[in-house]
Amino acid sequence: MSPERSHGSGHPDLVAENDMISKNPRIGFVGFGEVAYHFSKGLKEDGIEEIFAFDKNSKDTAKGEIVRRRARDADVRLVPGLRQLVGRSDVIFSAVWGSAALKVARRTVSYAKPGQFYCDINNTAPSVKTQGAEMLNAKGVQYVDLALFEAPDRDKQRSFMLASGDGARPLKRIMAPYGMKPELVAGGSGRATTIKTLANIYYKGIQALCLELVLSAWKVGIDPQLLAPLVVKPVEALPKADEMAFWIIRGIVHAERKTAELESIIRAVREWGVTPIMLDATRKRLKSVSDFGLKSTLESAVRKGSDKALLKAIGEAQKQRGVKTL
């Protein structure tokens, strides 16, 4: 992935501000759930001296006790409101529910100062990150779109993540001494989250598909562990980088045959008492590809063994047939 260019950080005032921050940045977390807790523990272990957090649940009887216990364990100081958090922090992490991400960004604008960093690590739509960046950039805040790709309970702030936006490069420079080194991607705020959203098509899909598989196995008395080696067998000899191309090629070239095969599989699963939600969706997707009649068109692309060549051929066929959606 190509590096993200920093747009705003080249200004002399911001460079000076960044130099001051880099000595030992004061960190603030909006929301103190699992991500904020594990990040805080790791950052403290790696030398960050001051970490603050604001969580609206901190005063709640039940939820608040969890927040307060985590704060004590991570040596994090809880503050009563967003104003206090922003006022005491150099680098602010928004770690709330995705549905609240834009609201938090909008409220932060009222208190933020030029030179601060705002890192949105929420699971939300790319457009939410873009809107947040526009609002905060207008206030002189350097925005970072962070996309976390693994649970942080083991590697904490060192967990694999992508970063984009005008603040991504200077944030990495400031935080690298404290173990936080996100991989930079070009394209502005929202780009890192766009990549994560695309990856989640696979992650979430495979979770649901595996669940449908084991439910079906349970219904017919088959130990799912017997299926595990069979599931990976088609690609076990392939380099990881070639797996996606393998599945795309087979999905397109054999779409018509596989659609027909799925009919009998779906029938069997229904007879076992399982609703074939994922299987039916798979059948619809393969049929939509089959309806393009691409098998002969794609012979040259298949010989190249390239998923990009295949997708290009689909795009050309789409234009020729005047189809607007796939």
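Me: Two strands pair if DSSP finds at least two bridges between them. In this predicted model, in which sense do strand β6 (residues 142–148) and β7 pair?
Reply: Four bridges link β6 and β7. Within this pairing, A147 stands opposite L162 of β7. The sense in which β6 and β7 pair is antiparallel.

Me: Which residue of strand β8 (residues 183–184) is the bridge partner of L162?
Reply: β7 and β8 pair over two bridges, in the parallel sense. On the β8 side, the bridge partner of L162 is E183.

Me: What is the handedness of the β-α-β unit that β7, helix α7 (residues 168–175) and β8 make?
Reply: The two strands of the unit, β7 and β8, pair in the parallel sense. Together with helix α7, β7 and β8 make a β-α-β unit that is right-handed.

Me: Which residue of strand β7 (residues 161–164) points the same way as M161?
Reply: In a regular strand, side chains alternate between the two faces of the sheet. In β7, L162 and S164 point one way, and all four residues, M161 to S164, are buried.

Me: Why does T124 count as buried?
Reply: T124 sits in the loop between β5 (117–120) and α6 (126–137). Buried means under 20% relative accessible area. T124 therefore counts as buried, its relative accessibility being 16%.

Me: How far from a polar atom of the T124 side chain does the backbone oxygen of G98 lie?
Reply: Leaving aside neighbours within four places in sequence, T124 is in contact with G98, A101, K129 and T193. For G98, the distance from its backbone oxygen to a polar atom of the T124 side chain is 3.5 Å.

How values were computed:
Residues are numbered from 1 along each chain as its sequence is written. This is a predicted model: local features need pLDDT of at least 70, side-chain atom pairs count only at pLDDT 80 or more; totals for chains, interfaces and linings use all residues. Side-chain values use heavy atoms; hydrogens and water are left out. Buried means under 20% relative accessible area, exposed over 50%, partly exposed in between (1.4 Å probe, protein chains only). A polar contact is a pair of N or O atoms within 3.5 Å; within protein, one must be able to donate a hydrogen and the other to accept it, and residues adjacent in sequence count only if both atoms are side-chain atoms. Contact means heavy atoms within 4.5 Å. A crossover is right-handed if, with the strands pointing away from the viewer, the path from the first strand over the helix to the second runs clockwise.
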